[in-house]
Amino acid sequence: MTNAVRAQHSARAIRWGMIGCGNVTEVKSGPAFQRAERSELVAVMRRNGDLAKDYAQRHGVKKWFDDADALIADPEVDAIYIATPPSSHKHYTLLCAQAGKPVYVEKPMALNHAECLEMVAACERVGVPLFVAYYRRMLPRFLKIKTLIESGAIGEVRFVNTLFYRPLSPHDQASVEHSNNWRTDPAQSGGGYFADLASHSLNFLEYALGPIAEVAGFASNQAARYAAEDMVSSSFRFASGVQGTGNWCFTAFEKTDMTEIIGTLGKISYAYFDQSPVVLNTLRGVTNFQIANPTHIQQPLIQTIVDELLGVNNCICPSHGESAAHTSWVMDQMLKDYYSTEKNSRRVGK
């Protein structure tokens, strides 16, 4: 952040404006802006003004808008949280950069890596920070995993296995023409449930093990219930030499969420989307770490953003645009063959 931007926010709270008032903002993020220290949620926006007003009244937010430009221009709004589908992330980020206001954008960061790079460049040109909601980088259970790795609890890391599958959801029963589920419309999401969910796992693995340098992947639509891919398998190599494999399927018979990080002295097993114990397994035995998530799951990451903007204790948020953009690059490599065909070309900017 430039000194001018930091000075603008010094010695007071960050006043947030929020674009989008969907489900993710009800508990995960919206209240977190009000509960973080030196932070206020002062304005919300949704294209349906009645829904924006309803959200504001229920959450004690003093202003509501049905126009994003008006919220961004409001002099009482210091920083913007973008909680819309990925198809509009770039558009709103560029508007915020033009207004000189820091941006916190939901994940995945954009429809594809190319859009992410545009967002990063726009913010860099005007010297405003760009943060992305990969909040597992600050959750205690995932910090425990990172600490176990760094402490040598499993020796030298050799490889990673990620397995995630689940049945069709009720939304999936309809064809894409009759469904209002943006998560399975590549034009809005950049991919299917894979882009929405696997982005969390891949981003955390890069935080714990360093950047992924090489990727090979296969994506397909096995059940043909919607336009997006419903099955992805991949192998990848981290710059450190650690290797990895992943399988994500959204039309299987049951739910499974398991990642194993295997080293020379043991392994760590954990889930991304429930609060089952983190399990450390070594020759000394098995240790379970039961670590609950906070009620407002984005609050720890939001606190680091606020502290960075205010210059508190030289804090640096661990989830900036550059690292989030690289996660989008990894996903692009896994999906590129699927979206390179004319049939599946709805993914904008492929």
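## Sheet, helices and an exposed loop residue

Q222 lies in the loop that links β8 (212–220) to β9 (231–238). Helices (H or I, at least four residues) and strands (E, at least two) are DSSP runs, numbered from the N terminus. The model is predicted: local features need pLDDT of at least 70 and side-chain atom pairs count only at pLDDT 80 or more, while totals for chains, interfaces and linings use all residues. Residues are numbered from 1 along each chain as its sequence is written, and side-chain values use heavy atoms, leaving out hydrogens and water.

Is Q222 buried or exposed? Q222 has a relative accessible area of 52% and is exposed. Buried means under 20% relative accessible area, exposed over 50%, and partly exposed in between (1.4 Å probe, protein chains only). Leaving aside residues up to four places away in sequence, Q222 touches D230, M231, C249 and T251; contact means heavy atoms within 4.5 Å. Between Q222 and C249 there are 9.3 Å in space, C-alpha to C-alpha, and the two are 27 residues apart in sequence.

An open sheet is built from six strands with parallel pairing, in the order β3-β2-β1-β4-β5-β6. Two strands pair if DSSP finds at least two bridges between them. The edge strands are β3 (63–65) and β6 (130–132); each has a single partner strand, so one side of each has no neighbour in the sheet. From one strand to the next, the twist averages 25°. Strands β1 (residues 14–19) and β4 (residues 79–82) run parallel and are joined by four bridges. W16 has A79 in β4 as its bridge partner.

The table gives two angles. Axes are lines fitted to C-alpha atoms, for helices over the stretch in contact, and angles run from 0 to 180 degrees between N-to-C directions.

| Pair | Angle |
|---|---|
| α3 (residues 49–59) and β3 | about 160° |
| α5 (residues 89–99) and α6 (residues 113–126) | roughly 5° |

Helix α3 packs on the sheet, where it touches β1, β2 (39–45) and β3.

The axes of α5 and α6 come within 9 Å. The α5 residues H89, K90, T93, L94 and A97 meet E115, E118, M119, A122, C123 and V126 of α6.

In helix α7 (residues 140–150), the buried residues are R141, F142, I145, K146, L148 and I149. They cover an arc of only 160° around the axis, so they lie on the same side of α7; the arc is that of the directions from the helix axis to the C-beta atoms. Among the elements covering these residues are β7 (157–165) and α9 (193–209).
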